[in-house]
Amino acid sequence: QVQLVESGGGLVQAGDSLRLSCAASGGTLSTYRMGWFRQTPGREREFVARITRSGSGSSTDYADSVKGRFTISRDNAKNIVYLQMNSLKSEDTAVYYCAASILNYGGYNYWGQGTQVTVSS
């Protein structure tokens, strides 16, 4: 059973940067497709970024709203997945969740508890 713990959230000003971390126990993240999602009150959870399983090479994908500003990466030695967020905007304010899937398609099997990111304008 994979357990995911996010960290790195906080209160920042518009234009600042943050790096979120997703640490795993009970599994090797390089063997999972990893995703970042976010949710604000009253809205559905939305996709932010994903990175496919390592092996022959992994690929990344981003929501249009964050493309060019956010970067997802993986440190296999530390078993951590990161979300580097630059040029933050007030509309990036949300609870951010990381998720893991054993497959490179479909839904996600495991979710973290979330970390709050608040961007003041």
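**Close-up views of a predicted model**

**View 1. Arg19 of strand E3 meets strand E8.** The bridge partner of Arg19 in E8 is Gln84. The model shown here, as in every view, is predicted. Strand E8 covers residues 80–85. E3 and E8 run antiparallel to each other, and six bridges join them.

**View 2. Strand E1 pairs with strand E3.** E1 spans residues 3–7, and E3 spans residues 18–25. Their pairing is antiparallel, with five bridges. Val5 has Ala23 of E3 as its bridge partner. E3 also pairs with E8, again in the antiparallel sense.

**View 3. A disulfide joins Cys22 to Cys98.** The structure contains one disulfide. Its sulfur atoms lie 2.0 Å apart. Cys22 sits in strand E3 and Cys98 in strand E9. The two cysteines are 76 residues apart, so the pair links distant parts of the chain. The torsion about the S-S bond is about 55 degrees, so the disulfide is right-handed.

**View 4. A nonpolar patch lies on the surface.** Ile102, Leu103 and Tyr105 form the patch. Together they have about 310 Å² of accessible area. Leu103 belongs to the loop between strand E9 (94–101) and strand E10 (110–111). Is Leu103 buried, partly exposed or exposed? Its relative accessibility is 36%, so Leu103 counts as partly exposed.

Methods:
Residues numbered from 1 in each chain as written. Predicted model: local features only at pLDDT ≥ 70, side-chain atom pairs only at ≥ 80, totals over all residues. Heavy atoms only, no water. Pairing = 2+ DSSP bridges. Helix = DSSP H or I, 4+ residues; strand = E, 2+ residues; numbered from the N terminus. Patch = residues over 30% accessible without salt bridge, like charges linked within 9 Å, V, L, I, M, F, W, Y side chains within 5 Å. Areas by Shrake-Rupley, 256 points an atom, 1.4 Å probe, with all protein chains shown as cover. Salt bridge = Lys/Arg side-chain N within 4 Å of Asp/Glu carboxyl O. Buried < 20%, exposed > 50% of the residue type's maximum accessible area, 1.4 Å probe, protein only. Disulfide = S-S within 2.5 Å.
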